[in-house]
Amino acid sequence: MANLSISNKQQSIATIAALAAQGDLDNLEKSLNKGLDAKLTINEIKEILIQLYAYVGFPRSINAINTFIGVLASRQAHGIIDETGKEPTQLPEQKSKFELGCEMQMALLGALETGPALSFVPVIDIFIKEHLFADIWSRDNLDFQCREIVTIAVLASLNGLNMQLGRHLQIALQIGFTAEQLTDLITILTPAISKDAAKNAEAILIRILNK
């Protein structure tokens with residue numbers, strides 16, 4: 001891994017998420033091996049592939065999970081024992097998913113998300129809070145920064161999502177990433193996504209930093 005301002009584990013999270021989002025399973029297999037060698041745990045990688053489906057759907061997520069199963073089987077056959085890692089904390093029973101989702105959104109964003117789409121189709125707001133934030137982002141065996149790396153990597157690898165990519169780059173700055181770290185993140189993503197996609201992500205980041 002490159003000697004950059006984000007850790008080897010974070011670099012692996014980015015490339016795994018980007019390759020899985022694109023369905024590039026051959027290179028994903030290599031990236032999964034590198035991630036395990038960089039000491040990502042099995043459960044941390046599972047979380048990346050679980051979160052993936054919120055942005056690109058079940059088919060890509062399941063294909064990536066099946067690829068991961070094959071990687072683990074191959075490593076075990078060669079006598080490599082990878083750390084399982086911790087399980088996520090169970091959701092609190094005394095709170096509804098909507099309440100928990102609101103708390104998670106406040107913790108990440110500092111405010112509840114608003115916008116015309118959420119007002120026009122209120123059930124989408126409920127789905128985002130109850131499912132994306134309560135069911136996925138509350139799973140605490142992957143922290144907020146790592147989950148933002150997953151999100152940014154996926155959004156950067158896909159076309160037509162500049163608004164969402166810009167929003168998540170802003171969130172990353174709010175939760176403690178530096179400009180250097182985000183620049184390095186795009187550098188790490190460049191071999192995993194198209195050159196045009198990397199240039200697009202870089203331009204969006206520069207625009208945000210110059211505001």
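This is a predicted model: local features need pLDDT of at least 70, side-chain atom pairs count only at pLDDT 80 or more; totals for chains, interfaces and linings use all residues.
**A walk through salt bridges and helix contacts**

The side chains of D125 and K129 come together in a salt bridge, with 2.6 Å from N to O. How exposed are they? D125 has a relative accessibility of 16% and so counts as buried, because buried means under 20%. K129 has a relative accessibility of 3%, so K129 counts as buried too.

Side chains of opposite charge can pair when their charged atoms come close. One joins R75 to D82, where the closest N and O atoms are 2.8 Å apart. Here, too, both residues are buried. If you look around this pair, you will find D37 as well: D37, R75 and D82 are linked in a network of salt bridges.

The other pairs E103 with K95, again with 2.8 Å between the closest N and O atoms. What is the setting of this pair? E103 has 36% relative accessibility and therefore counts as partly exposed. K95, at 30% relative accessibility, is likewise partly exposed.

Let us return to helix 7 and see what packs against it. Two packed helices are described by the angle between their axes and the distance between the axes. For helix 3 and helix 7, the angle is about 170° and the axes are 11 Å apart. The two helices are therefore roughly antiparallel to each other, since angles over 145 degrees count as such. On the helix 3 side, the contact involves Q51, Y53, A54 and Y55, which meet H131, L132, I136 and W137 of helix 7. By class, 6 of the residues in this contact are nonpolar and 2 are polar, with no charged residues.

The loop between helix 2 (25-37) and helix 3 (42-56) holds K39. This residue has a positive phi of about 80°, although it is not a glycine. Is K39 buried or exposed? With a relative accessibility of 62%, K39 counts as exposed, because the cut-off for exposed is over 50%.

Helix 8 (residues 144-157) and helix 10 (residues 179-189) have axes that come within 11 Å and cross at roughly 50°. That makes helix 8 oblique to helix 10. The crossing of these helices is right-handed. Which residues meet here? I149, I152, A153 and A156 come from helix 8, and their counterparts in helix 10 are L182, L185 and L189. The contact between helix 8 and helix 10 has 7 nonpolar residues, with no polar and no charged ones.

Our last stop is L209, found in helix 11 (residues 195-209). L209 has a relative accessible area of 35% and so is partly exposed. Leaving aside residues up to four places away in sequence, L209 touches L173 and A179. L209 and L173 are 36 residues apart in sequence, while their C-alpha atoms are 9.4 Å apart in space. As for the other partner, A179 falls within the residue range of helix 10, 179-189.

Terms used:
Residues are numbered from 1 along each chain as its sequence is written. Side-chain values use heavy atoms; hydrogens and water are left out. A salt bridge is a side-chain nitrogen of Lys or Arg within 4 Å of a carboxyl oxygen of Asp or Glu. Buried means under 20% relative accessible area, exposed over 50%, partly exposed in between (1.4 Å probe, protein chains only). Axes are lines fitted to C-alpha atoms, for helices over the stretch in contact, and angles run from 0 to 180 degrees between N-to-C directions. Helices (H or I, at least four residues) and strands (E, at least two) are DSSP runs, numbered from the N terminus. Angles under 35 degrees count as roughly parallel, over 145 as roughly antiparallel, 65 to 115 as roughly perpendicular and the rest as oblique. A crossing is left-handed if the near helix is turned anticlockwise from the far one by less than a right angle, and right-handed if clockwise. Contact means heavy atoms within 4.5 Å. Ala, Val, Leu, Ile, Met, Phe, Trp, Tyr, Cys and Pro count as nonpolar, Asp, Glu, Lys and Arg as charged, and the others, Gly among them, as polar.
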